[in-house]
Amino acid sequence: MADDDRMRGSVGTPAAVAEEVARAAASAFGLAPAQSDDDRRPSAAQRLHTDPDTVERDLIKLVLTIVELLRQLMERTAIHRVDQGDLSELQEERIGMTLMILNERMTELCDRYDLTMDDLNLDLGPLGSLLPRNGT
């Protein structure tokens, strides 16, 4: 007996099998039934409030957060490569100077837009913060 025949024999039509699987999944995972667009009420997570006066600052904050994340990743990679002995002294010095200049520019941009480095650290909820706090 084929699998399809066994499933039809015990439950019924393929549509009934699909409905039973959907009910079992909903029960197992605590899923709520799908709602039509008319039934949906906007939740706090679906609403987006923008303030025209702060859009530029918020956009700069997002861009600087991404740049700071990349800067920290580059710094960690450079430190790892130095520890491994993969770089010459000249390369080490160039990377060090580049990272120092980038850090200075980040500080200048944060000052210009009245931001601190802590302002750039996004809270990811249960995952913690995006950037390490206090360089740790």
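Reader: Which residues are linked in a network of salt bridges here?

Author: In this predicted model, the network of salt bridges links Glu 68, Arg 71 and Glu 75. Arg 71 pairs with Glu 68, where the closest N and O atoms are 2.9 Å apart, and the side chain of Arg 71 also meets that of Glu 75, with an N to O distance of 2.8 Å.

Reader: Why can Arg 71 reach Glu 68, and where are the two in helix α3?

Author: Helix α3 covers residues 55-84, and because Arg 71 and Glu 68 are three residues apart in that helix, about one helical turn separates them. An α-helix has 3.6 residues a turn, so residues three or four places apart point the same way. Side chains of opposite charge can pair when their charged atoms come close.

Reader: And how far apart in helix α3 are Arg 71 and Glu 75?

Author: Arg 71 and Glu 75 are four residues apart in helix α3, which again puts about one helical turn between them.

Reader: Is Arg 71 buried or exposed, and what about Glu 68?

Author: Arg 71 is buried, its relative accessible area being 9%, and Glu 68 is buried as well, with a value of 2%. Glu 75, by contrast, counts as partly exposed at 29% relative accessibility, and the cut-off for buried is under 20%.

Reader: How many salt bridges does the count come to?

Author: The count comes to three salt bridges. Besides the two that involve Arg 71, there is one in which the side chains of Glu 108 and Arg 105 meet, at 3.8 Å from N to O. Glu 108 and Arg 105 belong to helix α4, residues 89-112, and since they are three residues apart there, about one helical turn lies between them. Glu 108 is partly exposed, with a relative accessible area of 45%, and Arg 105 is partly exposed too, at 42%.

Reader: Back to α3 for a moment: which residues in α3 are buried?

Author: The buried residues in α3 are Leu 64, Thr 65, Glu 68, Arg 71, Gln 72 and Ala 78, and helix α4 is part of what covers them. Turning to the other helix, α4 has Leu 99, Met 106 and Cys 110 as its buried residues, and the cover over these includes α3.

Reader: What is Gln 72 in contact with, leaving aside its neighbours within four places in sequence?

Author: With those neighbours set aside, Gln 72 contacts Leu 131 and Pro 132. Gln 72 lies in helix α3 and is buried, with a relative accessible area of 15%.

Reader: Which residues make up the largest nonpolar core?

Author: The largest nonpolar core has six residues in all, namely Leu 64, Met 106, Cys 110, Leu 115, Leu 120 and Leu 131. Leu 64, again leaving aside neighbours within four places in sequence, is in contact with Met 106, Leu 109, Cys 110, Leu 115 and Leu 120.

Reader: And which residues make the nonpolar surface patch?

Author: That patch, of about 530 Å², is made by Leu 59, Leu 62, Val 63, Ile 66, Leu 70 and Leu 73. Among them, Leu 73 lies in helix α3 and is partly exposed, with a relative accessible area of 41%.

Reader: How many residues does α3 have, and how far does it reach from its first C-alpha to its last?

Author: Helix α3 has 30 residues and reaches 44 Å from its first C-alpha to its last, close to the 44 Å expected at 1.5 Å a residue. For α4, with 24 residues, the end C-alpha atoms are 35 Å apart, which agrees with the 34 Å it should span.

Reader: Which residue takes a positive phi just after α3, and which one just after α4?

Author: Just after α3 it is Gly 85, whose phi is about 80°, while just after α4 it is Asp 114, with a positive phi of about 55°.

Reader: Zooming out, how many helices and strands are there, and what percentage of the residues count as buried?

Author: The protein has four helices and zero strands, and from the N terminus on its elements run α-α-α-α. Of its 136 residues, 11% count as buried. The protein exposes about 11100 Å², with 55% of that area supplied by carbon and sulfur atoms. As for contacts with a separation of 6 or more, residues 24 or more positions apart account for 60% of them.

Technical notes:
Residues numbered from 1 in each chain as written. Predicted model: local features only at pLDDT ≥ 70, side-chain atom pairs only at ≥ 80, totals over all residues. Heavy atoms only, no water. Salt bridge = Lys/Arg side-chain N within 4 Å of Asp/Glu carboxyl O. Buried < 20%, exposed > 50% of the residue type's maximum accessible area, 1.4 Å probe, protein only. Expected span 1.5 Å × (residues − 1). Contact = heavy atoms within 4.5 Å. Patch = residues over 30% accessible without salt bridge, like charges linked within 9 Å, V, L, I, M, F, W, Y side chains within 5 Å. Areas by Shrake-Rupley, 256 points an atom, 1.4 Å probe, with all protein chains shown as cover. Core = buried A, V, L, I, M, F, W, Y, C linked by side-chain atoms within 4.5 Å.
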